[in-house]
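Okay, thanks for coming, everyone. Let me put the structure up on the screen, and then we'll walk through a few places in it together.

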Amino acid sequence: MDTTLRDGAQMTGISFTLNDKVRIALMLDDLGINYIEGGWPGSNPKDAEFFREMKNHPLSNAKLAAFGMTKRKGVNAKDDVNLNAILDSDVGVAVLVGKSWILHVREVLKVSPEDNLDMIYDSIRYLRDHGLTVIFDAEHFYQGFKEDPDYTLRIARTAEEAGASAVVLADTNGAMLPHEIYEITTKVVKEMKTMVGVHMHNDSGCAVANTVMGVLAGARHVQGTINGLGERTGNADLIQVIPNLVLKLGLKALRSLDDLKKLRAVSRFVYEAAGLSPNPYQPYVGDYAFSHKAGLHADGVSKVTRAYEHVDPELVGNSRRFVVSELAGSSNILMYLRDLGFNVTKDDPRLRHALERIKELENEGYSFDLAPASAVLIVLREIGVFRDELRIDYWKVVSDDDMHVAMVKVNGELGVAEGVGPVHAIDRALRSVASRLFPELNGVILTDYRVILPGEVKNTESVVRVLMEFSDGKTRWRTVGVSTSIIAASVAALLDGLNYILMINHYKGSR
């Protein structure tokens, strides 16, 4: 069960729009998720509106679930506003949370242990009598079990007797360690006839591991969020949990292996909707999850992929990357060249010379980890198979208050342009000439621009590193420029970016 739209939405700094929630739900349905917890209709108008809007978007695989709490003390279930809000949402599944830690029962709810059991039973029974499937989330279950296991087990059995289809054990504080999860879950599974589930938070950094241990202990209902979004430090990341269950444990968590290929796309969309930058180091789907920087690793992967990769990246919609850097060997460079169709042998002295040049540049402040296109151009220049199509003979920028004018001479032709800043002006001036010489560059856009101060800033002459990302609508590539001048570094990165796509297009056209 995915709870991105409810528990994930509680993450600080996140506010999904109604349209975001609908699109995420449809992607989760296409992914093959069984249950989608859409929100808490009794808590805010947006969630109530979401359930109304979803009537216009029938799901093909998943069942939509509404979240709520057990009835308030002293109120009949039929009169409880929260329970009736779930009924009004007109869904077939309810996720009901109740207290299972005696501390919360006495100090938060301020009711007797028996009254709490009655509240749980009556709430589940009320929704069951109205035809809903009820998943019961036992809040703070593991903390409660450590303090009073007998009472906590009574909570689970009461939910079972009331008709819950699954009793979910929650590590609400995220405090538990994997061995504790395994031990406690094993005991509960032995006591229950109803399916047992797990719901983990990540406060101790163990949410994914705890979820896997819960499954190994017998739990068969798993809750989590896409990218681990959630309250405080987040929830168990389903992007990691699902492939662990399928590829490592051989369990059927989705409909088929092909569904796993959608994980990266789903992860990226949820990051975008949340207004967050994707985590490049995220297991399975991150940009660097299958990147190889050390020459030894790249050489090993080039011979036997499983030598340094725990799964095939294509299984989860990702791809293999080789990083060119001062730590890289010739294998990394060879991978890039072969992908582009250049056949160069490993013992070619020109290749070794190119690698030495890359290492020299990294010592001067360059970094090709995020800008492999610039590294490829260096190699191709060194081995003599490529000459820059665009060459700047001269450039100058004049700035006066809010006016910035750039003049460039490219391949002997003059270009002049204004911009909102000096870099924007030089970009427009350079492109005014480049697009005349090479019309195909009109379709190339700049998608990212970053200025980085590498190392310690010692004085006003410290070098700056400029990273640029480009796209022609089909592919993306990154380049880097380094100088004591931001404008000069930008010019270098910009030139590399345009020359790279010209090289790709012209070389492919000549083969």
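So here's something to start us off: is the crossing in which H15 passes H16 left-handed or right-handed? It's right-handed. Before I go on, please keep in mind that what you're looking at is a predicted model.

Let's stay with that pair for a minute. H15 covers residues 349–363 and H16 covers residues 372–382, and their axes come within 9 Å, crossing at roughly 140°. That angle is why we call H15 oblique to H16. And who's doing the touching? On the H15 side you've got Arg-350, Leu-351, His-353, Ala-354, Arg-357, Ile-358 and Leu-361, and facing them from H16 are Ala-375, Ile-378, Val-379 and Glu-382. If you sort the residues of that contact by class, you get seven nonpolar, one polar and three charged.

Now look at H16 by itself. How many of its eleven residues are buried? Nine of them, so the helix is mostly covered. The buried ones are Pro-372, Ala-373, Ser-374, Ala-375, Val-376, Leu-377, Ile-378, Val-379 and Leu-380. You'll notice that Ala-375, Ile-378 and Val-379 are on this buried list, and they also turn up in the contact with H15. Then, just after H16, there's Gly-384, which takes a positive phi of about 80°.

Okay, let me zoom out for a second. The protein chain has 511 residues, and buried residues make up 53% of them. There are 18 helices and 15 strands. The C-alpha atoms fill a box of roughly 85 × 55 × 45 Å, taken along the principal axes. And if you take the contacts with a separation of 6 or more, 65% of them are between residues 24 or more positions apart.

Next stop, H4, residues 102–109, which is where you'll find His-104. Is His-104 buried or exposed? Its relative accessibility is 14%, so His-104 counts as buried. The side chain of His-104 has a polar contact of 3.2 Å with the side chain of His-140. Leaving aside its neighbours within four places in sequence, His-104 is in contact with Lys-99, Leu-109, Lys-110 and, again, His-140.

So let's hop over to that partner. Where does His-140 sit? In the loop between strand E4, 133–139, and helix H6, 141–147.

The axes of H4 and H5, residues 113–129, come within 10 Å and cross at roughly 95°, which means H4 is roughly perpendicular to H5. Ile-102, Val-105, Arg-106 and Leu-109 of H4 meet Pro-113, Asn-116 and Met-119 of H5. By class, that's five nonpolar, one polar and one charged.

Last one, I promise. Asn-227 is another residue other than glycine with a positive phi, this time near 65°. Asn-227 lies in the loop between strand E7, 221–223, and helix H10, 238–248. With a relative accessibility of 11%, Asn-227 counts as buried.

That's my tour, so over to you.

Terms used. Residues are numbered from 1 along each chain as its sequence is written. This is a predicted model: local features need pLDDT of at least 70, side-chain atom pairs count only at pLDDT 80 or more; totals for chains, interfaces and linings use all residues. Side-chain values use heavy atoms; hydrogens and water are left out. Axes are lines fitted to C-alpha atoms, for helices over the stretch in contact, and angles run from 0 to 180 degrees between N-to-C directions. Helices (H or I, at least four residues) and strands (E, at least two) are DSSP runs, numbered from the N terminus. Angles under 35 degrees count as roughly parallel, over 145 as roughly antiparallel, 65 to 115 as roughly perpendicular and the rest as oblique. A crossing is left-handed if the near helix is turned anticlockwise from the far one by less than a right angle, and right-handed if clockwise. Contact means heavy atoms within 4.5 Å. Ala, Val, Leu, Ile, Met, Phe, Trp, Tyr, Cys and Pro count as nonpolar, Asp, Glu, Lys and Arg as charged, and the others, Gly among them, as polar. Buried means under 20% relative accessible area, exposed over 50%, partly exposed in between (1.4 Å probe, protein chains only). A polar contact is a pair of N or O atoms within 3.5 Å; within protein, one must be able to donate a hydrogen and the other to accept it, and residues adjacent in sequence count only if both atoms are side-chain atoms.
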